[in-house]
Amino acid sequence: DLQPLEQNEQQVLQPWLLTRHSSLCQAHEETEKRDDSQRSTLFVEKPQSGSVSVGGNITFIAKVEAKDLLRKPNVKWFKGKWMDLASKAGKHLQLKESFERHTKIHTFEMHIIQAKENYAGNYRCEVSYKDKFDSCSFDLEVTGKIPLASVNGDGQDDAGELDFSGLLKRREVKQQEEEPEVDVWELLKNANPSEYEKIAFQYGITDLRGMLKRLKRMRREVKKSAAFAKGLDPAYQVDKGGKVRFMVELADPTVELKWYKNGQEIRPSTKYIFEHKGNQRILFINNCTMTDDARYYVTAGDEKCSTELFVRDPPILVTKGLEDTNTYVGERVELSCEVSEDDANVKWFKNGVELTNEPKSRYRIKVEGKKHTLIIEEAAKNDSATYSVMTTGGQSEAKLSVDLRPLKISLALEDQTVRLGQEIHLKCEISENVQGKWYKNGQLVEASDRVKLYHKGRIHRFIIASAAVDDEGEYMFVPDAYNINIPCKVHVVDPPKLHLDGLGENNTVTVVAGSKLRLEIPITGEPTPKVMWSKGDKWITDSGRIRAETYPDSSCLVIDTAEREDSGPFRITLKNEAGEDTALINIKVVDVPDPPQAPNVTEVGEDWCVMTWEPPANDGGSPILGYFIERKKKQSSRWMRLNFELCKETTFEPKKMIEGVAYEVRVFAVNAIGISKPSMPSKSFVPLAVTSPPTLLAVDGVTDTSVTMKWRPPDHIGAAGLDGYVVEYCFEGTDEWIVANPELTDKTRFTINGLPTGSKILVRVKAVNAAGESEPRYHPQPILVKEVVEPPKIRLPRHLKQTYTRRVGETVNLVIPFQGRPRAKVSWQKNGSPIDKNQINIRNTENDTIIFIRKAERSHSGEYDMKVEVENLVDKATIDIQIVDRPGPPEIVTIEDVWGENVNLSWKPPKDDGNAAITGYTIQKADKKSMEWFTVIEHYHRTSATINELVIGNEYYFRIFAENMCGLSEDATMTKESALIAKDGKVYKYPVYDDFDFSERPLFTQPLINTYAVAGYNATLNCSVRGNPKPKITWLKNKVIIMNDPRYRMFSNQGVCTLEIRKPSPYDGGTYSCRAVNELGEAEVDCKLEVKGKSFKSLQMHCLFEQTLHGRRNKYARQKGV
């Protein structure tokens, strides 16, 4: 009894292993029950137990709420205690999962397909998420005959099946009978972990986990030990109350040994005895109990050697075996046996498959001391089998035979006549409580949501809550296992009925005009009802454009080429012997809409317009969805679509048109059927834009009762032109604008009269054209209606600050603006004497004065003095007017000398230079014979000249014209004598000339003039000088020489001297001088420069002055007819 566990003892240990495994399983179940109370509840719907016939399908559903879960939970399905069904998925088992986003529910399904009887048993579904866990157990009951392949096979047909424990128990019996000589330890050592379950299944290992633990320890202890010459065997066994001996042999007997049990050191006692025999160290354990079943190991220094001790109970013997039993279906069956111990662990088997004592199982196991009973409350035919009982020390078996009782029909089925929609209820009662099947017209009827099959005891019922026409037929109930049937007939009657579910609201059917309508109305009724169609009082026949066609299950209304007149209600009537049904069907014929009326253009802009139109009178029977708009130039025939998305409104704004070009627009109406014909074109229109606001609005004058405003025309006028201006004003503190000019004014100046003295007004001006009024231009500040004294100031134009030159006969029209309020007085003098108003016209206004000479004469030349007086204040200005004319001819022209082909002429300047400097002379010659004059020299500046290349032998006369800025003199002075060009042979005597002295001291031919400059704009000072040798030019400011100043640039070209002042400021004003110096002397001229600050008002006044001057000059010229 102290020998280690050998391979040939596995068969003997198997009952003990079964007992040990059973006790471990019970402990595990108790632990699980304790854990279940602490688990978190995750299931919202748990799988429910169910039953299925052999070969049938069944689905188990588990639902988990994902509201508080961040990811999908982990779900596992088990059969029995530990068999994971994920690896068994195949043709008989499918695992599915889904997620409903709206309800946030995870659904997990297990489908069992073509179930077999050995699929029955207990199943478990486990769900876990992080630290949460939930589990649910449920049972599957499989009814019907056991397939022969599962009962009589050799085990190969079981591959992939679900009843793992059943196959295990069958193979346990085979192992006990065959006792194969196979070393399971060696198989497990050499096998892959994935094959452990297969080996356990094949060789009947029940405590697989314990075996794997022992295998793992054995693998760790394979190493050869240096301290132990001989170690402990892997395992030992001993009967309860027996004695066991552990022995190790040391390589070094001096090493200290220690023995341990489950990690606790063992001390010598009466139970534990230690012995030393040479190198052997022995441990005896006396009176072994179940608590000694544990792991032991011994340590020698740093090395350890371990083993396991298995303590077994005495085998349980079967003292009274099972007996064969015969019974009838539905009877109570009890199979009993007796064993040698009270409350011993006994296992029951049916055809080798273990039976469990679960609450929902058909089999109930009852234990009374040593008596064990298997109870079947209502025996079924498939309960016929071989039942066996097994203990650790023996087994017993017996056969149970369940036969059928003779069947009697207590209540037969009755024929029924049922109206459509009423309940069909078939009921029969037989003498035995057996299952059965229902048939209709020879076809098997299965239970469904519509067909309910009930079996309670000996009563069977067949119920259809709502009868249909297809439910009519012959029904029959056939009890299982009996060759008998109970028939009856069911007749379903159906009154006529129209099925209008497919029609629209109010039974309306819409058809497009011109298309064909075929309206099919499903009908029901038994017998087949008679169908009649009508529209109004007219019956519709089965021929013609509108006709009716009738079929067994429907009726058709056919309209070929639908027209708008076909719209209206059509009546359909059904009649049969069971009743009558009628309905109105509205036929609506729709078409494209009529075209809208011609659109109206209500508003026009620069490149846009606003158009409106009325909806078409007839929408074609379908609502108008929108409109398409087109436009074209009036002179063109090409229309252009303006919108590619429907316009929902009856107004539209076309854009991107050319201003000044005439256009037309038209509209298309659109409904669900299509696009209408185009509307008539609108009246032609021309896009015109209002002008931009007037510019430079300023106050021109203020009196005690009036305000005069002036402005410039708009920057942008456009194709519509400018019709005039509207001037409006309002008193400060009010919002009421008053129109000052009821009629448009075309002038850019307007006086607002009748204003109360001392009030303040705001003024605005609008430009008006055919497109309307522009945006107003506002005066920036309120204007005080009160005359203000303004000192006189003459604004002499720049061109009048120099000598004003005009030719005789030209018109002189000078406009000189001035300032001065109120009532400035203007007076003129010429050369210190009053002006003769008969020769010179003077006209004065509030802001300027005009001097006008229709035909200027040389007597009009002189200095004109202008004086403006306002009360005691005076301002003066002088204008130098020079009237010039063509000069007179030169005085005497003489021939000084003649030699060769040359003639030397001299003459004196004319007495009358035409009031302008002589700029040159023109010399002409004429042959004495022809007296035709030819120009020889033009623009000649000296008073003597030599004429060359004359023809020898000819005699010539010469004449000379004087020239000034007005042109040549009217007459010429001719030589009194002729010059004969002698032929060869004459000796020419060259004249002797003295060298001419060109030396001249500097002389300014054009002086500097006083200049006004605007700050920020370049200014120039100009003068001209002559002298020989060329004089040196020096510029001075306030008598200080200007040198190396980048703000000044100096130029000198052909005697013209220029000083450019870059962007002057008011500090650049002062007296500027130009000095010319050569060796003969020097000359100097000066002028004053006044720099005014650059302001809006100054710019405005300058622009106003230029405009006023030009306007008045032209106006005066028109009045005088010039």
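**Notebook: aromatic pairs, cores and one histidine**

I began with an aromatic cluster made up of F60, W77, Y123 and F138. This is a predicted model, so I kept in mind that local features need pLDDT of at least 70 and side-chain atom pairs count only at pLDDT 80 or more, while totals for chains, interfaces and linings use all residues. Residues are numbered from 1 along each chain as its sequence is written, and side-chain values use heavy atoms, with hydrogens and water left out.

**Ring pairs**

I searched the whole structure and got 20 aromatic pairs. Rings of Phe, Tyr and Trp (its six-membered ring) pair if their centres lie within 6.5 Å; planes under 30 degrees apart count as stacked, over 60 as edge-to-face and the rest as tilted. For F60 and F138, the centres are 4.7 Å apart and the planes stand at 35°, so I logged the pair as tilted. F60 belongs to strand 3 (residues 58-65) and F138 to strand 9 (residues 132-143), so this pair ties together parts 78 residues apart in sequence. Strands here are DSSP runs of E, at least two residues, numbered from the N terminus. I found both F60 and F138 buried, where buried means under 20% relative accessible area (1.4 Å probe, protein chains only).

Next I looked at W907 and Y921: with ring centres 5.5 Å apart and planes at 70°, the pair is edge-to-face. W907 is buried at 5% relative accessibility, and Y921 is buried at 4%.

**Charges over rings**

I also checked for charges over rings, meaning NZ of Lys or CZ of Arg within 6 Å of the ring centre and within 35 degrees of the ring normal. R641 has its charged end over the ring of F628, 4.2 Å from the centre. K632 lies over the face of W639, 5.4 Å from the ring centre.

**Cores**

A nonpolar core is a set of buried Ala, Val, Leu, Ile, Met, Phe, Trp, Tyr and Cys residues joined through side-chain atoms within 4.5 Å. The largest one has 43 residues, and W348, Y387 and L426 touch the most other members. A second, separate core has 26 residues, including L42, I58, V75 and Y123.

**H460**

Which strand holds H460? I found H460 in strand 34 (residues 459-464). H460 is buried, with a relative accessible area of 2%. Its side chain reaches the backbone oxygen of V434 at 2.9 Å. Leaving aside neighbours within four places in sequence, H460 is in contact (heavy atoms within 4.5 Å) with residues including L426, W438, Y454 and F477.

Conventions:
Buried < 20%, exposed > 50% of the residue type's maximum accessible area, 1.4 Å probe, protein only. Helix = DSSP H or I, 4+ residues; strand = E, 2+ residues; numbered from the N terminus. Polar contact = N/O pair within 3.5 Å; in protein donor to acceptor, adjacent residues only side chain to side chain.
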